[in-house]
Amino acid sequence: MCVYLSSRVISLDSIDTYCSTEVYGAKAFTRRLTDDGLKDFQRILADYLVFPNYVYIGMQRQLDSMRRSTDTFAFSNGEGTVKAEEYGLWASDPEYYDCGTVSYSKDFKVVPFQCDDKAIFMCEKKEEPCQHDYVRYVDYYGKCLVVIPDKENFMSAGYQCDNSKGHLFAYKSSDDTRSVASAVYSSVTLDGGIYAGLRKTSTGKWMYENEEEETSKSRWDPNDDRENDCGVYRFTRNQTLSLFSMKCDIQHRVLCIDEFQKSRTFEVRGKRQQRRRALMRSGDTHCTLPLLSRGRRRDLIRSEKYVGRNVIRPTFKKICERVSSAILTSLKR
């Protein structure tokens with residue numbers, strides 16, 4: 001059987017319709033994962049999702065009255081300035097660079113960057129509520145953030161944030177690292193979180209849709225206040241997949257499950273690459289990329305210059321089989 005991550009966010013009252021119509025008769029998976037299943041699911045997601053490595057933040061070197069570079073950087077949205085040598089988040093010396101990007105491969109330190117070079121970027125929205133009609137803002141530990149997968153230079157990135165009622169995020173101290181990390185890991189790839197089938201009842205209990213109660217405190221992120229009414233899976237800074245609370249009345253990514261059909265595998269001879277491309281174009285199978293939508297994969301490949309064969313590995317069939325192992329025990333309970 002195969003597990004499918006929805007290719008887009010959907011309304012929770014449309015899960016059954018989405019799975020049955022867009023995933024070829026599949027059913028919504030809204031049950032509790034076993035402890036081993038959750039660990040396996042976390043490993044699979046971390047292995048096969050492509051995380052953005054260079055993300056513009058809101059800081060730029062200032063110029064003096066003679067248009068000469070200074071040793072002072074200004075944060076976006078008028079949030080102050082800092083001397084280069086006093087900024088504690090640099091991953092390397094910024095002497096010859098005027099902007100910065102946050103990098104998960106550098107433990108979310110700031111990599112000096114040329115402002116004319118292009119990268120994807122992180123916006124912050126200060127005003128309540130933390131949502132926008134066209135941009136997927138999500139509250140990450142008290143910061144309303146989104147990572148936009150389009151590659152732009154620093155100036156264009158700032159304009160796009162402005163157009164979405166935000167600004168480039170001013171990453172001022174390590175106090176914001178967990179917010180930045182969670183956004184980098186979960187914003188582009190998961191749209192903020194995957195619906196776990198978990199809802200809060202009027203009595204304050206957290207129940208899955210099959211009426212099984214979630215009683216494990218260790219599954220929840222310890223810093224989540226659980227004030228909202230739906231539970232989602234999201235990555236933390238150390239790539240742990242934890243439960244967070246989000247509103248039920250917004251759209252989420254969801255999971256569907258279906259019996260694995262041999263007709264959807266890629267056991268072909270000869271023109272294998274052409275066959276893969278044809279199936280992805282035609283939408284003949286969602287099992288090709290059960291954890292990454294075609295559109296999101298395209299955006300990430302474009303933004304990070306990955307080639308397709310490095311994203312789809314080792315084979316589609318093996319991916320499906322490995323993902324399925326994460327929930328088999330839950331289905332048999």
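In this predicted model, the side chain of T236 makes a polar contact with the side chain of N238, at 2.7 Å. T236 sits in the loop between strand 14 (230-235) and strand 15. Leaving aside residues up to four places away in sequence, T236 touches Y141, Y185, D221, S242 and F244.

Two of those neighbours, Y141 and F244, also turn up as a ring pair. A pair of aromatic rings is described by the distance of the centres and the angle of the planes. The structure holds 16 aromatic pairs. One of them joins Y56 and F113, with ring centres 5.4 Å apart and planes at 85 degrees, so this pair is edge-to-face. It bridges distant parts of the chain, with Y56 in strand 3 (residues 55-63) and F113 in strand 7 (residues 109-113), 57 residues apart. Both Y56 and F113 are buried.

Back to Y141 and F244: here the centres are 5.8 Å apart and the planes meet at 75 degrees, so this pair is edge-to-face too. Y141 lies in the loop between strand 9 (138-140) and strand 10 (143-152), while F244 belongs to strand 15 (residues 241-246), so the pair ties together parts 103 residues apart in sequence. Y141 and F244 are both buried.

Y185, another residue touched by T236, is part of a cluster in which ring pairs link F51, Y104, F108, Y185 and F235.

Notes:
Residues are numbered from 1 along each chain as its sequence is written. This is a predicted model: local features need pLDDT of at least 70, side-chain atom pairs count only at pLDDT 80 or more; totals for chains, interfaces and linings use all residues. Side-chain values use heavy atoms; hydrogens and water are left out. Rings of Phe, Tyr and Trp (its six-membered ring) pair if their centres lie within 6.5 Å; planes under 30 degrees apart count as stacked, over 60 as edge-to-face and the rest as tilted. Helices (H or I, at least four residues) and strands (E, at least two) are DSSP runs, numbered from the N terminus. Buried means under 20% relative accessible area, exposed over 50%, partly exposed in between (1.4 Å probe, protein chains only). A polar contact is a pair of N or O atoms within 3.5 Å; within protein, one must be able to donate a hydrogen and the other to accept it, and residues adjacent in sequence count only if both atoms are side-chain atoms. Contact means heavy atoms within 4.5 Å.
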